[in-house]
Amino acid sequence: MKNEITITARYAETDQMGIIHHSVYPVWFEVGRTEFIKEAGITYTQLEKDGVMLPLSELSCRYLRPVHYEDRVTLETTVRKVTFSRIVFGYRVFLDGELMAEGSTTHGFVSSQTFRPVNLKKLMPAFFEQLTAAVCEP
């Protein structure tokens with residue numbers, strides 16, 4: 001499974017050269033991840049109400065080509081790997097079919113009360129199975 005959303009690059013996201021600043025990509029990744037989770041059948045809000053949080057443990061991004069103000073990019077979000085205690089999301093940013101940037105984030109599944117790792121398969125088996133079924137490499 002993959003989720004695709006369109007993002008229009010905003011002026012506030014650019015640097016002095018008119019290029020989207022590198023710090024914006026993790027924000028875009030969060031938007032893609034949130035939409036992916038929603039498409040998988042649960043909102044982040046509900047996930048947290050059900051006692052699970054997904055703190056970030058790792059982030060990577062490769063910047064291949066610059067994105068400029070008002071460019072309409074497509075952000076593709078996938079799940080690359082799921083274990084009982086963590087998930088790895090993959091992201092690719094396209095402009096008119098050309099790959100502009102790619103990255104990944106790794107998150108742990110932790111209790112929203114104790115912030116200690118939880119076994120998602122035991123806690124939310126249906127959601128875990130949905131995530132497992134969604135795993136794909138770009």
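This short talk walks through a few local features of one predicted model.

Ground rules come before the details. The model is predicted, so local features need pLDDT of at least 70 and side-chain atom pairs count only at pLDDT 80 or more, while totals for chains, interfaces and linings use all residues. Residues are numbered from 1 along each chain as its sequence is written, and side-chain values use heavy atoms, with hydrogens and water left out.

Let's start with helix 1. Helices (H or I, at least four residues) and strands (E, at least two) are DSSP runs, numbered from the N terminus. Helix 1 has 16 residues. From its first C-alpha to its last, helix 1 reaches 23 Å, close to the 22 Å expected at 1.5 Å a residue. That expected span is 1.5 Å times one less than the number of residues.

Which residues of helix 1 are buried? They are Val24, Tyr25, Trp28, Phe29, Gly32, Arg33, Phe36 and Ile37. Buried means under 20% relative accessible area, exposed means over 50%, and partly exposed is in between (1.4 Å probe, protein chains only). Just after helix 1, Gly41 takes a positive phi of about 115 degrees.

Now the rings. Rings of Phe, Tyr and Trp (its six-membered ring) pair if their centres lie within 6.5 Å; planes under 30 degrees apart are stacked, over 60 edge-to-face, and the rest tilted. How many aromatic pairs does the structure hold? Seven. One of them joins Tyr11 and Tyr69, edge-to-face, at 5.3 Å centre to centre and 85 degrees between the planes. Tyr11 lies in the loop between strand 1 and helix 1, and Tyr69 in the loop between strand 3 and strand 4, so this pair ties together parts 58 residues apart in sequence. Tyr11 is exposed at 60%. Tyr69 is partly exposed at 39%. Elsewhere, ring pairs link Phe29, Phe36, Phe89 and Tyr91 into a cluster.

Next, Arg65. This residue sits in the loop between strand 3 and strand 4. Arg65 is partly exposed, at 46%. Setting aside residues up to four places away in sequence, Arg65 touches Glu98, Leu99 and Met100. Contact means heavy atoms within 4.5 Å. The side chains of Arg65 and Glu98 also make a polar contact at 2.5 Å. A polar contact is a pair of N or O atoms within 3.5 Å; within protein, one must be able to donate a hydrogen and the other to accept it, and residues adjacent in sequence count only if both atoms are side-chain atoms.

Last stop, Ser111. Ser111 lies in strand 7. Buried or exposed? Buried, at 10%. Its side chain reaches the backbone nitrogen of Thr114 at 3.2 Å.
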